[in-house]
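Reader: I would like to learn how to read aromatic pairs and a ligand shell in a model.

Author: Here is the model to work from.

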Amino acid sequence: MNKFLIKGGKPLKGTVTVSGAKNAVLPIIAASLMTADPVILEEAPDLIDVSVMTEVIESLGARVTRHGSQLHIQARVLESIEAPHDLVTQMRASIVIMGALLARQGRVRISHPGGCAIGSRPINWHLKGLEALGAEVRMDHGFLDVKAQALKGARIYLDFPSVGATENIMMAAALAEGTTVIENAAQEPEIVDLANFINEMGGKVRGAGTSVIHLEGVQELHGTTHTVIPDRIEAGSFLLIAAAAGGDVLVQNVISDHLKPLLAKMVEAGIRVVEEGDGIHISGDGLYQGVDVKTQVHPGFSTDLQAPFLGMLSRAQGASMVTETIFENRFMHVDELKRMGADIKIEGRTAIIKGVPSLTAAPVTATDLRAGAALILAALTADGTSEISGIHHIDRGYERIEEKLRGLGAEIRRV
Ligand code: EPZ
């Protein structure tokens with residue numbers, strides 16, 4: 001297993017450009033199954049998760065070729081309705097092909113995705129929404145067998161604004177007969193990007209980005225070329241790394257509107273955050289105050305930024321409280337940060353952090369991709385050379401991260 005060796009203690013300087021959003025491109029790749037026409041995705045990041053999702057749709061009969069940051073996709077004829085078990089277990093996000101396959105051909109077989117490091121991650125709300133649209137769901141030897149003679153529009157109230165459930169329901173409703181209203185829908189920017197993609201293919205989606213989404217079913221969808229939005233979580237991770245390491249960094253290709261809670265919290269901590277064109281400029285000496293934060297669904301503070309934010313707080317002046325309300329087990333980076341000298345106590349869903357003046361390098365392990373970002377941040381500020389293993393998690397969601405960090409003067413090597 002390869003590792004990152006990171007020599008910390010140096011301020012960072014320069015410009016880093018954010019890639020396309022992983023959590024936008026994954027559902028959009030699934031949605032490209034809903035048309036027989038060619039689809040071109042611009043700014044599609046080259047990530048393990050994106051390769052797995054393309055393998056999933058190829059196994060169903062779609063043709064996919066990558067040309068730099070462009071993905072060319074065509075699902076002219078679908079040859080299978082079953083997503084391969086090994087791919088689905090590798091990446092639970094593949095569950096969003098359910099809505100697209102039901103819309104395209106009324107049938108899908110997919111293994112019930114397991115949990116992952118950060119929680120059990122059930123899909124009950126996905127299935128409830130698809131059943132409301134007329135699908136029949138059967139569990140058969142660990143496989144979900146979902147059938148729908150005809151999908152009919154319905155009014156669906158989500159118990160919780162689940163991102164994946166909203167995406168699956170949107171895709172199934174796009175080609176259903178009649179009107180669908182999704183209430184208490186997820187409002188993340190990636191939902192808006194998926195809605196824009198479906199509309200560019202001739203769909204009729206209104207209200208994405210608010211808690212009520214209206215869809216008029218259409219007969220069929222045609223091809224399109226779509227530019228994926230920038231990855232707000234990658235952007236936030238780099239902003240936090242720059243603030244923690246100190247120096248003078250411009251993070252480019254950012255839609256600051258997607259990062260309001262993070263930027264507000266960074267300003268509250270006394271970090272200099274300046275918007276410059278399509279970028280955000282962070283400059284400072286790596287000193288800042290502790291602040292309290294609670295993760296919420298969008299437009300609240302993103303759970304995906306909790307780990308790197310907590311990493312930054314471990315060296316703040318003063319104490320902080322971080323409460324994780326979205327996932328039940330998303331503090332695994334805490335034990336690793338404590339090995340680097342962080343002073344953190346966990347009480348249920350809240351981590352209490354007492355800032356320490358500096359962290360010390362140590363061999364640590366990334367348990368999930370955002371925990372990996374937190375450990376990279378910590379290693380870049382620690383005295384000495386840290387060794388981070390489990391970096392395949394990081395490659396799932398951060399494109400060429402060591403190259404981007406070396407561009408800022410960081411001493412990081414993949415061994
Ligand atoms: C998406 O996951 C993201 N992944 C996650 O990003 C992100 O953390 C999450 O949304 C929340 O913003 C992708 O977009 C590929 P949810 P998703 O359904 O759709 C529970 C990353 O780091 N739940 O909003 O799975 C669930 O267990 C990843 O890039 C049910 O109980 O998130 C969780 O506790 C990690 N039943 C909570 O809701 C359901 O039917 C939020 O899940 C569905 C979800």
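Reader: Is Trp125 buried, partly exposed or exposed?

Author: Buried means under 20% relative accessible area, exposed over 50%, and partly exposed in between (1.4 Å probe, protein chains only). Trp125 is partly exposed, at 26%. This is a predicted model, in which local features need pLDDT of at least 70, side-chain atom pairs count only at pLDDT 80 or more, and totals for chains, interfaces and linings use all residues. Residues are numbered from 1 along each chain as its sequence is written, and side-chain values use heavy atoms, with hydrogens and water left out.

Reader: How many aromatic pairs are there?

Author: A pair of aromatic rings is described by the distance of the centres and the angle of the planes. Rings of Phe, Tyr and Trp (its six-membered ring) pair if their centres lie within 6.5 Å; planes under 30 degrees apart count as stacked, over 60 as edge-to-face and the rest as tilted. The count by this rule is two. Trp125 and Phe160 are stacked, with 5.7 Å from centre to centre and 20° between the planes. Phe301 and Phe309 are edge-to-face, because their planes stand at 65°, with the ring centres 5.1 Å apart. Both Phe301 and Phe309 are buried.

Reader: Which atom of Trp125 is 2.8 Å from an oxygen atom of the ligand?

Author: A polar contact is a pair of N or O atoms within 3.5 Å. For Trp125, a polar backbone atom is 2.8 Å from a ligand oxygen. A ligand nitrogen is 2.7 Å from an N or O atom in the side chain of Asn124.

Notes: A polar contact is a pair of N or O atoms within 3.5 Å; within protein, one must be able to donate a hydrogen and the other to accept it, and residues adjacent in sequence count only if both atoms are side-chain atoms.
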